[in-house]
Amino acid sequence: MVHIGNSWDEILKDEFTAEYYLKLREFLKQEYSRCRVYPDMYDIFNALKYTAFEDVKAVIIGQDPYHGEGQAHGLCFSVKKGVKPPPSLQNIFKELQSDLGIDPPPHGELTCWAKQGVMLLNTTLTVREGKPMSHKGKGWEILTDAIIKKLNEREQPTAFLLWGGHARSKAALITSPQHAVFTAAHPSPLSAYNGFFGCRHFSAVNAFLEKNGIAPINWRIE
């Protein structure tokens with residue numbers, strides 16, 4: 001069974017034994033044995049592994065993993081060091097520079113954000129090579145909706161960053177008044193100029209955290 005290695009194991013234990021998840025697991029066994037699937041099976045739950053339940057300060061919600069070789073590693077929008085940042089991530093770095101004056105980093109790995117409490121959660125956690133959204137509707141969304149609901153239930157104020165229509169559809173799950181929901185267009189080149197650029201979400205999240213007595217995020221990527 002799934003072993004995350006932190007508090008998520010206990011929090012999600014009922015999900016990992018539910019019928020939908022067992023069906024999803026069988027589907028994934030077939031997919032990984034017959035096709036090239038991303039990310040590597042040992043990286044699927046990195047968003048949970050890097051950011052324990054009690055450590056979450058902010059959540060960035062993505063859709064599904066990058067579907068090119070060597071890109072996806074279990075954190076939405078992130079790519080490992082040595083892999084060229086895709087266009088959406090490049091636009092995130094442009095907004096970061098505009099908002100906080102942080103120069104674009106030498107790589108696109110966002111692990112340092114995750115370790116500070118920024119959960120980088122795709123709503124679908126796997127994908128076939130070259131086929132975006134190929135694992136949509138197989139059960140991942142039930143699990144990731146449950147994760148969002150569990151975070152919504154916490155008393156600790158949390159910032160949710162919802163970029164694009166798919167992510168904004170998750171706003172209905174975030175009902176507790178102590179949380180903050182920040183919405184914008186998706187950072188994709190197709191939509192970034194329609195409301196992602198200029199959203200200033202990075203500074204807004206830190207202002208929200210500090211207002212609630214929570215240490216801000218160092219958004220600089222070393």
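K13 is partly exposed, with a relative accessible area of 41%. Here partly exposed means between buried (under 20% relative accessible area) and exposed (over 50%), with a 1.4 Å probe and protein chains only. The side chain of K13 meets that of E10 in a salt bridge, at 2.8 Å from N to O. A salt bridge is a side-chain nitrogen of Lys or Arg within 4 Å of a carboxyl oxygen of Asp or Glu. The model is predicted: local features need pLDDT of at least 70, side-chain atom pairs count only at pLDDT 80 or more, and totals for chains, interfaces and linings use all residues. Residues are numbered from 1 along each chain as its sequence is written, and side-chain values use heavy atoms, with hydrogens and water left out.

The whole structure holds 10 salt bridges. One of them joins D43 to K80, with the closest N and O atoms 3.8 Å apart. D43 lies in the loop between β1 (37-38) and α4 (46-50), and K80 in the loop between β2 and α5, so the pair ties together parts 37 residues apart in sequence. Helices (H or I, at least four residues) and strands (E, at least two) are DSSP runs, numbered from the N terminus. D43 is buried at 15% relative accessibility. K80 is partly exposed at 39%.

K170 pairs with D145, the closest N and O atoms being 2.7 Å apart. This bridge links distant parts of the chain: K170 sits in the loop between α8 (165-168) and β6, D145 in helix α7, 25 residues apart. K170 is buried, with a relative accessible area of 9%. Elsewhere, salt bridges that share partners join E31, R34 and R128 into one network.

Now the sheet. Four strands form an open sheet in the order β3-β2-β5-β6, with parallel pairing. Strands pair if DSSP finds at least two bridges between them. β3 (118-122) and β6 (180-184) stand at the edges with a single partner strand each, so one side of each has no neighbour in the sheet. The twist averages 20 degrees from one strand to the next. β5 (residues 159-163) and β6 pair over 5 bridges. W163 stands opposite A184 in β6.

Helix α7 (residues 140-153) packs on this sheet and touches β2 (58-62), β3 and β5. Contact means heavy atoms within 4.5 Å.

D99 is buried, at 8% relative accessibility. Beyond its neighbours within four places in sequence, D99 contacts R200, H201, F202 and S203.

Note on methods:
Axes fitted to C-alpha atoms, helices over the stretch in contact; angles between N-to-C directions.
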